[in-house]
Amino acid sequence: MLVTEIFKTIHGESSYAGLPCTLVRLTGCNLRCHFCDATHAFANGKEMTINQVVDSITKLNIKNVLITGGE
């Protein structure tokens with residue numbers, strides 16, 4: 001899968017708002033929403049296997065994971 005970035009952040013929406021989470025932002029969303037704050041994820045990205053993504057998430061040591069983008 002194409003991944004733009006994986007990083008620690010604070011969840012901004014839902015019942016998890018305010019809690020730490022690991023955000024996995026996939027590449028290639030074609031929706032082009034006017035409110036998008038991640039236009040840098042429209043193209044490029046790094047090809048990663050599921051195991052590589054899981055390893056990256058595990059290293060950040062936060063169990064709450066949000067996967068977004070790449071529609």
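Two strands pair if DSSP finds at least two bridges between them. Strands (E, at least two residues) and helices (H or I, at least four) are themselves DSSP runs, numbered from the N terminus. The model is predicted, so local features need pLDDT of at least 70 and side-chain atom pairs count only at pLDDT 80 or more, while totals for chains, interfaces and linings use all residues. Residues are numbered from 1 along each chain as its sequence is written, and side-chain values use heavy atoms, with hydrogens and water left out.

Start with the sheet. Its four strands run in the order E3-E1-E2-E4, and the sheet is open with mixed pairing. Strand E3 (46-47) and strand E4 (65-69) are at the edges with a single partner strand each, so one side of each has no neighbour in the sheet. E4 pairs with E2 in the parallel sense, over five bridges. In this region, Leu26 stands opposite Gly69 of E4.

Helix H1 packs on the sheet and touches strand E1 (2-10), E2, E3 and E4; contact means heavy atoms within 4.5 Å. The direction of H1 makes about 15 degrees with that of E1, where axes are lines fitted to C-alpha atoms, for helices over the stretch in contact, and angles run from 0 to 180 degrees between N-to-C directions.

The largest nonpolar core has six residues: Val3, Val24, Leu26, Met48, Val53 and Ile57. Such a core is a set of buried Ala, Val, Leu, Ile, Met, Phe, Trp, Tyr and Cys residues joined through side-chain atoms within 4.5 Å, and buried means under 20% relative accessible area (1.4 Å probe, protein chains only). Strand E2 (20-26) and helix H1 (50-60) each supply at least two residues of this core.

Definitions and conventions:
Buried < 20%, exposed > 50% of the residue type's maximum accessible area, 1.4 Å probe, protein only.
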